[in-house]
Structures are given as structure tokens and as C-alpha cells.
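Hi,

Here is the structure I promised to send over.

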Amino acid sequence: MSTLDATRAELGLLVLYLNKAEARDKICRAIQYGSKFLSNGEPGKAQNVDKTTSLARKVFRLFKFVNDLHALISPSPQGTPLPLILLGKSKNALLSTFLFLDQFVWLGRTGVIDNKERTELVGRISLYCWLGSSICTSLVELGELGRLSGSMKKIEREIKNSNKYDNEQYQAKLKKSNERTLSLIKAGIDTVVAVGLLQLAPEKVTPRVTGAFGFVSSLISCYQLLPPASAKSKTS
């Protein structure tokens, strides 16, 4: 492959990535929390970037609550334990509520709804919903990791005399386990970010800590949205 073909392939992947509204939102999120880290809550250029980017991101999330509303009313995969189903549905309900209320926060901060106190109240309620959904996500991922661990151990027992990494079923479970571990880490980080935004522990979770955790969470989200290996091979 020539250098031009390789460059064209890489640009094709970048276009594919940036065509996703979700990817652009997470890039803006990284800018937002990076600015929060730099400003540490102090007035200045960094705080202005934080506030304007936060407001701009709300446009990306208009009507996004429908996604989790659809997941809420959709049936769960067969074989999922009832506690995990309830936690998953709670996560969907809370996240959908957060995104729904966030639209009214956007309307208030853009001046369409002229009631600052009501806007701030709705904003706090929506953040509590996000906090709850992050906690539910953490618990769901922990439960699913436990189930995956049990399945992987069962496969190991079945293939005692062969290399487990040569087993396609084991490799698939391992890949899924790694993905869920990353999601668990992100959910834990997002919980800290929500605590910081709500100022539930202002002495420990300062604006700088919130910014740092939010920036790392955003980078994880950007990584999770990368095109799959199959898309890369097709482009090349």
C-alpha cells in the first residue's frame, strides 16, 4: 500500500468517527472538563470555555432520552438474573430522565425559559438522576463481570489440556470482560464527576478533581466509540 493510500485510509477512519454525533459530543466533553480542570472554578478564559462548551453539548443531546426510553421498554436478554434486569431498567429510567430534564436546562440557560431558579432546580434533579444511573451502571457491570468470570472458568475446566487463548469462545468472553471492565471504570469515574457537579463533597471533590475525572471519562468514551477492527480492515 502506498503512503497516499494509507493516508486516505486513515482519513476515511477519521471521517467515519467524526460522522458520529456521539463522538463529537465526547470530544466536546473532553474540552469542557479539561477547561474545568484548568480553571479550578476560578473566573477566566478556561471557565468561559467550560460553560460555553457545556451549553453547546446540550444541543447534541436533544431528544437523546428516546434511546434509553426504548431500552427501558425493550425485553432483556434471556438468562439475565432478575436483580441485574431491575438495575439495568433503573439505569435506563434514570438516564432517560436526566436527558429529558437536560433539555429544559438548555432552554433555561439560553433564555427561552425565563426562570433562573426553576432552571437551577431542574438542573440539580437531572444531575441526581445521572448520579443514580452511574451507580446502577457500576452495579450492573459488576454483576455481568461476575457472570462472565463464571463462564470463563467453566470453559477453562472443559479445555484442560489445550491453550484457552486458542478457544474462540474463551476469546469472545475475554473481550467482553475487558469491555465491561472499562465500562465499570468509566461508571465509577462518572459517579465522582456527578458528586463534584452536585457539590456533595466540595472539600474533597473540587472543581479541579471534577475536571480531571471528567476528562479521563471523556477519553474513555472517545476510545469506546472508535470504529471496530472490521471497519479498519475494510478501509485499508
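The largest nonpolar core has 15 residues, and Phe98, Trp130, Leu131 and Val193 touch the most other members. Please keep in mind that this is a predicted model. Helices H5 (82-109), H6 (116-158) and H7 each supply at least two residues of this core, and H7 has the largest share, with five.

Leaving aside residues up to four places away in sequence, Val193 touches Tyr33, Trp130, Thr210, Phe213 and Gly214.

That leads on to the helix pair H7 and H8. The axes of H7 (residues 168-198) and H8 (residues 207-224) come within 9 Å and cross at roughly 145°, and the crossing is left-handed. On the H7 side the contact includes Leu182, Ile185, Ile189 and Val193, while H8 brings in Thr210, Phe213, Gly214 and Ile220, among others. By class, this contact has ten nonpolar, seven polar and two charged residues.

The other pair to look at is H2 (residues 21-39) with H3 (residues 45-60). Their axes lie 8 Å apart at an angle of about 155°, which means that H2 is roughly antiparallel to H3, since angles over 145 degrees count that way. H2 and H3 also cross in a left-handed sense. Among the residues making this contact are Arg24, Asp25, Cys28 and Ile31 of H2, and Val49, Asp50, Arg57 and Phe60 of H3. Here the contact residues divide into seven nonpolar, six polar and six charged.

Note on methods: Residues numbered from 1 in each chain as written. Predicted model: local features only at pLDDT ≥ 70, side-chain atom pairs only at ≥ 80, totals over all residues. Heavy atoms only, no water. Axes fitted to C-alpha atoms, helices over the stretch in contact; angles between N-to-C directions. Helix = DSSP H or I, 4+ residues; strand = E, 2+ residues; numbered from the N terminus. Left-handed = near helix turned anticlockwise from the far one by under 90°. Contact = heavy atoms within 4.5 Å. Nonpolar A, V, L, I, M, F, W, Y, C, P; charged D, E, K, R; others polar. Core = buried A, V, L, I, M, F, W, Y, C linked by side-chain atoms within 4.5 Å. Buried < 20%, exposed > 50% of the residue type's maximum accessible area, 1.4 Å probe, protein only. Parallel < 35°, antiparallel > 145°, perpendicular 65-115°, else oblique.
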